[in-house]
Amino acid sequence: MEDTPRGVSRRTFIKRVIAGGAVAYSGSYLFRGTGTLLAQVSAPDSVERLITLRVNGQRRPVDVARQETLAMTLRYKLGLTGTKLGCDRAECGSCTVLIDGVPHYSCSVLTHTVRGREVTSIEGLADPSGKLNPVQQAVVDGAGFQCAFCAPGFIVTATALLNINPNPTRREAAEALSGNLCRCGDYNKILDCVMRASEYVRRS
Amino acid sequence: MSFLPHFKLSRPETLEEAISTLAGASGRAAALGGGSDLLDWMKSGLPAPEQLVALDRIKALRGIREEKRLLVIGAATCLAEIAVADVVIEAAPALAQAAADVGSPQIRSVATLGGNLLQRPRCWYLRSNYPCLKNGGNRCYAITGQNHYHAILGAGPSAIVHPSDCAAALSALGARVRVQGPGGRRELAIDDLYQLPADRLDLEHALEPGEILTDVVVPRARRQERSRFIKVRDRALFDFAVVSAAAWMRLDGLLCKEVRLCLGAVAPVPWRPAAAEAYLTDRMINEEVAIEAARLALDAAVPLEHNSYKIPLARNLVRRLVLGLAAG
Ligand SMILES: Cc1cc2nc3c(=O)[nH]c(=O)nc-3n(C[C@H](O)[C@H](O)[C@H](O)COP(=O)(O)OP(=O)(O)OC[C@H]3O[C@@H](n4cnc5c(N)ncnc54)[C@H](O)[C@@H]3O)c2cc1C
Ligand code: SF4
Ligand code: FES
Ligand code: FES
């Protein structure tokens with residue numbers, strides 16, 4: 001069933017999103033927000049295929065066009081709007097998600113190329129009981145970020161760092177986070193939070 | 001948000017399949033490495049392929065192996081892997097350093113070595129889809145416009161610089177590339193992979209339609225052979241080079257027996273300053289010699305209105321590299 005080509009239909013796709021368990025607000029977000037996107041992907045020569053992605057530990061069936069980036073699928077098809085689109089050009093990091101544990105710019109990855117791989121977005125970092133991960137907790141405790149548009153990307157990247165290096169120096173953390181830009185220039189505070197998070201990881 | 005134009009996408013598992021798909025599309029298809037350059041290019045509305053052939057499933061294109069005196073790196077190996085591979089750090093340090101300095105961690109995780117070498121120029125007029133010479137138009141906007149990051153050597157009629165850090169390192173290392181296409185395999189020196197805009201305006205490299213870059217081949221350093229790459233950028237991290245430089249040297253004590261220098265981001269191709277290389281060969285390295293080599297390396301430079309700063313910058317990098325390699 002995975003590879004059946006399908007013309008997109010707004011109704012079937014909304015139904016599928018709802019059936020897929022997207023929460024109500026994201027369903028309505030999708031409904032309002034994707035007029036242009038749907039027009040785009042349903043242009044006459046565009047073919048969507050139903051594929052199943054692994055996102056945040058769940059299997060998510062979704063109709064995906066070939067020219068669709070992972071950021072578009074996550075935000076506008078799966079309602080996972082925690083992933084932000086800043087530049088859409090692999091230049092800012094706000095769209096960062098983990099693919100098999102490694103930070104990637106989801107704006108610059110074709111969704112079809114992540115089939116079979118595990119995608120983790122900001123929504124997937126807390127454990128199922130709702131307990132925040134150490135980086136998220138450190139951001140709350142340290143009042144990190146100003147406008148926080150860049151926050152999901154930074155938090156996802158920092159989580160990957162602490163998974164492989166729970167005890168980074170500040171410099172190592174800065175290097176690991178160098179692919180994430182903060183328009184508010186809040187880098188010091190963000191690094192404070194990452195260092196605080198590494199303390200949480202060590203203590204736990 | 002910018003949309004990608006429509007295209008067909010295939011993800012073959014063998015090189016043969018990829019080549020036949022590319023060749024069958026008679027120039028309207030392109031290989032897709034990590035997509036970090038190609039997708040960006042396509043989002044800008046620049047002339048785009050109608051079909052993408054993703055290389056990510058072709059195992060033969062990935063990995064680093066040793067073949068006698070050579071290091072053979074599959075073209076679809078990502079830069080993150082190359083930057084930390086012990087065998088690269090030991091056998092070709094300049095390449096490991098260049099790979100580590102490309103973009104950001106997220107870029108290096110997807111960017112393939114082949115894609116890095118074949119990436120298109122970053123001229124902001126071109127990327128903003130101005131109808132310039134390289135985009136089918138009849139003038140170069142940079143020559144008389146905002147040309148801070150443009151060429152000081154080898155320019156004309158376009159003043160692009162080649163953006164690849166790895167290309168500069170590989171040129172200094174004397175690397176070769178292996179290519180496979182519908183007509184079979186061939187191997188060429190990395191310097192022959194690139195062509196000046198005066199020779200060919202629409203493309204920077206010499207691959208024929210349907211050809212895939214399969215491997216990059218680097219001679220492994222022997223005793224007394226050293227290499228290094230340095231790069232200057234506007235930000236401390238995560239930026240293209242304003243100027244970069246790489247050097248490879250075979251030394252006998254302080255005597256330079258053989259040398260290759262390459263400057264990046266100063267010319268439309270990785271730039272080998274032949275006069276400086278000839279001057280250094282069979283000479284004892286000291287401060288004065290390094291300064292003279294640096295002078296010779298930039299002797300032919302012709303700056304545009306806003307980029308004369310690149311000349312002293314490049315000279316200093318050459319001086320530092322020459323002295324640094326001699327010091328060990
Ligand atoms: C924000 C940003 C910062 C960057 N900073 C730097 C930097 O500091 N230094 C630097 O060197 N680069 C930099 N880059 C460029 C980046 O390194 C390249 O985009 C990347 O290396 C391209 O590799 P890729 O695998 O993603 O190629 P793709 O984007 O997939 O492909 C690039 C081109 O190569 C062709 N191609 C790819 N592989 C093959 C192959 N095996 N055979 C034939 N054709 C092939 C494609 O058809 C396409 O034309 C930066 C890019 C971005 C977006
Ligand atoms: S430098 Fe080349 S790419 Fe840039 S405007 Fe001039 S012709 Fe176009
Ligand atoms: S939105 Fe993907 S890097 Fe900026
Ligand atoms: S806090 Fe505003 S962009 Fe980072």
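A polar contact is taken here as a pair of N or O atoms within 3.5 Å; within protein, one atom must be able to donate a hydrogen and the other to accept it, and residues adjacent in sequence count only if both atoms are side-chain atoms. The structure is a predicted model, in which local features need pLDDT of at least 70 and side-chain atom pairs count only at pLDDT 80 or more, while totals for chains, interfaces and linings use all residues. Residues are numbered from 1 along each chain as its sequence is written, chains are lettered from A and ligands numbered from 1 in the order in which they are written, and side-chain values use heavy atoms, with hydrogens and water left out.

The side chain of B:R178 makes a polar contact of 3.4 Å with that of B:E67 and another, of 3.2 Å, with that of B:E187. Contact in the wider sense means heavy atoms within 4.5 Å. Not counting residues up to four places away in sequence, the residues that B:R178 touches include B:R65, B:L70, B:R186, B:L213 and B:D215.

One of those neighbours, B:R186, leads on to B:E211, for a polar contact of 2.8 Å joins the side chains of B:E211 and B:R186. B:E211 is placed in the loop between α11 and β8 of chain B. With a relative accessibility of 15%, B:E211 is classed as buried; buried means under 20% relative accessible area, exposed over 50%, and partly exposed in between (1.4 Å probe, protein chains only). Leaving aside neighbours within four places in sequence, B:E211 is also in contact with residues including B:V179, B:Q180, B:G181 and B:A206. The C-alpha atoms of B:E211 and B:C78, in contrast, are separated by 20 Å, and the two residues are 133 apart along the chain.

Charged pairs come next. Side chains of opposite charge can pair when their charged atoms come close. A salt bridge is counted when a side-chain nitrogen of Lys or Arg lies within 4 Å of a carboxyl oxygen of Asp or Glu, and this rule gives 36 salt bridges over all chains. In one of them, B:E204 pairs with B:K134, with 2.7 Å between the closest N and O atoms. This pair links distant parts of the chain, 70 residues apart: B:E204 sits in the loop between α11 (190-193) and β8 of chain B, and B:K134 in the loop between α8 and α9 of chain B. Both partners count as buried, B:E204 at 2% relative accessibility and B:K134 at 12%.

The salt bridge between B:E258 and B:R250 (3.1 Å, N to O) has other surroundings: B:E258 is partly exposed, with a relative accessible area of 31%, and B:R250 is partly exposed at 29%. In a further salt bridge, B:D299 meets B:R295 at 3.6 Å, N to O. Here B:D299 counts as exposed at 53% relative accessibility, while B:R295 counts as partly exposed at 38%. Salt bridges that share partners also join B:R65, B:E67, B:R176, B:R178, B:E187 and B:D215 into one network, which brings B:R178 back into the picture.

Turning to the ligands, a residue is near a molecule if one of its heavy atoms lies within 4 Å of it. Ligand 1 is surrounded by 38 residues, the closest being B:A31, B:G33, B:G34, B:L38 and B:T112. These surrounding residues come from chains A and B, so the site is shared between chains. An oxygen atom of ligand 1 is 2.7 Å from an N or O atom in the side chain of B:S36. A nitrogen atom of ligand 1 lies 2.8 Å from an N or O atom in the side chain of B:D165, and a backbone N or O atom of B:L213 is 2.9 Å from a nitrogen atom of the ligand. Of the 960 Å² of accessible area that ligand 1 has on its own, the protein covers 95% (Shrake-Rupley method, 1.4 Å probe). Within the shell, α7(B) gives the largest share, four residues.

Around ligand 2 there are 13 residues, of which B:C123, B:C132, B:C140, B:S158 and B:A159 come nearest. In chain B, α8 (124-127) and α9 (141-144) each supply at least two residues of this shell.
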